[in-house]
Amino acid sequence: QWLSDRKKRALQKKDVDIRRRIELIQDFEMPTVSTKIKVSRDGQYIMAVGTYKPRVRCFDTYQLSQKFERCLDSEVVTFEILSDDYSKIVFLECGRFVEFHSQHGHYYKTRIPKFGRDFSYHYPSCDLYFVGASSEVYRLNLEQGRFLNSLQTEAAESNVCDINPVHFLFAMGTTEGKVECWDPRTRNRVGLLDCALSSVTADTEIEGLPSISALKFDGALNMAVGTSTGQVLLYDLRSSNPLIVKDHHYGLPIKSVQFQHQLDLIISADSRIIKMWNKDTGKIFTSMEPEHDINDVCLYPNSGMLMTANEAPKMNIYYIPVLGPAPKWCSFLDNLTEELEENPESTVYDDYKFVTRKDLENLGLAHLIGSSLLRAYMHGFFMDIRLYHKAKMMANPFAYEEYRREKIRQKIEETRAQRVQLKKLPKVNKELALKLIEEEGEDQQFSKKRKQKNLPSLLKDDRFKVMFENPDFQVDEQSEEFRLLNPLVSKISEKRKRKLKMLEELEAQGQEEEEEPEGKASDAESSESSDDEKGWVEEVRKQRKLLRQEEKLKRQERLKEDQQTLLKPQFFEIKEGEEFRSFKDSAKKQKLMKKTLEDRLKLEEKLGTLNVSDTTVGSKQATFKLKKSEQQRKQQEAEKQHRQERKTLRRSASHLKSRRGRGRLFH
């Protein structure tokens with residue numbers, strides 16, 4: 001976009017892609033801004049008005065180029081093509097002028113009393129209805145060539161108007177947010193719709209009173225109304241309530257409303273976005289956001305082509321194949337769109353490089369931000385690819401050497417992949433992995449003969465991956481369980497150990513071919529497999545004898561260790577306030593604490609400290625004796641000892657008295 005025309009032409013000579021780009025209509029643009037765009041009824045001519053200077057341009061679709069251009073005295077507010085081609089055109093200009101053009105050019109010019117904003121043509125009576133900054137609707141009859149009596153409305157000002165193509169009902173949208181409907185035959189108002197009140201819903205947020213900014217009839221009964229606050233209302237003329245209220249959520253005035261009949265869509269546009277939505281459900285079909293503000297939208301009849309007038313010189317043309325076929329004057333677009341779908345465009349720019357701010361800092365080009373060498377775009381900048389390569393070479397001069405080394409390394413790896421690959425066994429459970437590999441080879445041969453599907457290998461299964469990685473899963477072949485369950489493992493393990501040694505030697509030496517292990521011939525191995533089945537019991541007996549001998553040796557070693565070790569005294573610390581009786585009591589307490597509540601209750605029932613009985617109601621009654629504390633027990637023992645001492649004293653005193661009495665009698 002920032003390239004000049006000369007550079008664009010130079011690029012077209014060099015770049016094949018640019019030469020293949022389609023300019024559908026040559027010079028389809030305005031000098032500065034385009035305001036309105038329309039298509040003639042026969043579909044051959046596209047007319048657009050814009051500035052600066054105020055002008056109208058007519059494009060012939062059959063020739064794909066501009067037919068003529070006419071300059072005007074003042075800017076055009078809106079215009080209407082009265083004939084099937086460009087031979088009769090009416091322009092409403094901002095200076096209250098109404099200008100008529102015929103096929104050869106300017107034909108007649110007149111003036112209306114107040115500034116006009118929109119007008120419509122009534123075909124049965126040849127009347128032009130003008131609305132604007134007045135409460136009156138001015139009528140100009142083109143057959144008689146004079147103004148007729150105007151229609152007096154209740155509105156202070158009017159913005160838009162339209163005439164129904166079926167029954168020719170005249171409708172006008174006011175600044176108060178109302179739509180007035182008039183019958184041209186009787187010149188009386190037949191209906192009034194308060195669209196401002198209906199456009200406000202629970203989801204909408206508006207500022208100020210909505211006025212009517214767009215109006216369009218569809219058939220005999222449907223009418224779409226656009227407001228200045230960004231809502232589109234679809235009405236049935238038989239009801240005062242809208243069928244659907246669609247909000248653009250931008251708060252901008254609706255510029256244009258169009259009906260697309262093939263898919264039952266409504267195309268509404270404000271200055272920022274074009275929305276296509278279903279008129280029955282209100283569901284969004286698609287939306288488009290051009291780069292520049294939109295002034296007007298024109299739908300080419302019976303096709304999927306859409307044209308927009310923008311706040312920019314270029315007028316946009318959109319082709320959406322879903323909406324309909326391409327017009328007959330550009331039917332080649334259908335084939336091109338099919339090719340584009342098969343070969344999607346790449347978004348890589350050959351002449352420019354996209355860089356972020358961080359990339360510029362790494363290259364040392366951060367000082368170029370704001371200059372003409374960098375073009376700001378999204379979160380970064382576009383810069384010339386030649387400048388980028390030069391800066392990169394200066395910032396990292398050894399980048400080519402690194403790239404060369406990487407390429408050499410990749411080629412070496414490719415040649416290595418073509419060599420004979422050795423079997424790489426895992427670090428953990430090597431013998432088990434070798435056994436699984438052998439069994440897998442046997443199963444593959446068996447499945448080939450039987451034409452069965454191969455089962456998945458355990459080595460490749462992720463569920464058993466840890467078994468060959470974690471050393472905790474190492475199989476202990478010296479354990480008693482392993483030796484009893486696998487009595488013939490000794491002979492088979494010897495063969496596998498030989499193979500493991502061979503594989504390790506091959507890996508160490510880097511040989512590419514595996515040598516056959518020296519040992520017994522294949523016939524001897526086959527005879528061994530048959531002898532193994534016969535000597536199963538003998539092997540088990542041998543293993544048991546070996547296990548018993550090993551146990552005896554272990555016992556003897558333990559006895560020797562016990563004799564050699566000297567017993568040393570161990571000291572234990574007793575808590576304060578506790579009396580030590582014996583180790584048995586503490587052990588009993590620990591056992592009791594480990595038992596469940598049910599076991600402790602049963603034990604207390606046996607000892608007699610607890611009594612559980614059933615009541616008449618059905619519940620349980622438990623009576624128990626509290627255990628005495630240590631202090632109470634000591635106090636009771638002291639009292640008991642004191643009583644015994646007193647008893648002994650009393651007995652000794654009574655014994656002495658009796659002896660004294662006997663002595664007196666003796667004397």
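Trainee: How many bridges join E21 to strand E22?

Mentor: This is a predicted model. In it, E21 and strand E22, residues 265-269, run antiparallel. The bridges that join E21 to E22 number 5.

Trainee: Which strands stand at the edges of that sheet, and why is one side of each left without a neighbour?

Mentor: The sheet is open, with 4 strands in the order E21-E22-E23-E24 and antiparallel pairing. The two edge strands each have a single partner strand, so one side of each has no neighbour in the sheet. They are strand E21 (256-260) and strand E24 (284-288).

Trainee: What does the twist average from one strand to the next?

Mentor: The order to follow is E21-E22-E23-E24. From one strand to the next, the twist averages 15 degrees.

Trainee: Which element gives the most to the lining of the largest cavity?

Mentor: The structure holds 1 cavity of 30 Å³ or more, and the largest cavity has a volume of about 40 Å³. Its lining includes Phe130, Val131 and Tyr138. Two elements give two or more residues to this lining, strand E10 (127-132) and strand E11 (136-141). The one that gives the most, with 3 residues, is E10.

Trainee: What percentage of the residues of the chain count as buried?

Mentor: The chain has 15 helices and 32 strands, and its accessible surface comes to about 47,000 Å². A residue counts as buried under 20% relative accessible area. Of the 667 residues, the buried share is 33%.

Definitions and conventions: Residues numbered from 1 in each chain as written. Predicted model: local features only at pLDDT ≥ 70, side-chain atom pairs only at ≥ 80, totals over all residues. Heavy atoms only, no water. Pairing = 2+ DSSP bridges. Axes fitted to C-alpha atoms, helices over the stretch in contact; angles between N-to-C directions. Buried < 20%, exposed > 50% of the residue type's maximum accessible area, 1.4 Å probe, protein only. Areas by Shrake-Rupley, 256 points an atom, 1.4 Å probe, with all protein chains shown as cover. 1 Å grid on protein atoms, 1.4 Å probe; cavity = no way out; pocket = protein on both sides within 12 Å on 5 of 7 lines; lining within 4 Å. Points joined across faces, edges and corners; volume = space filled by probe spheres on them.
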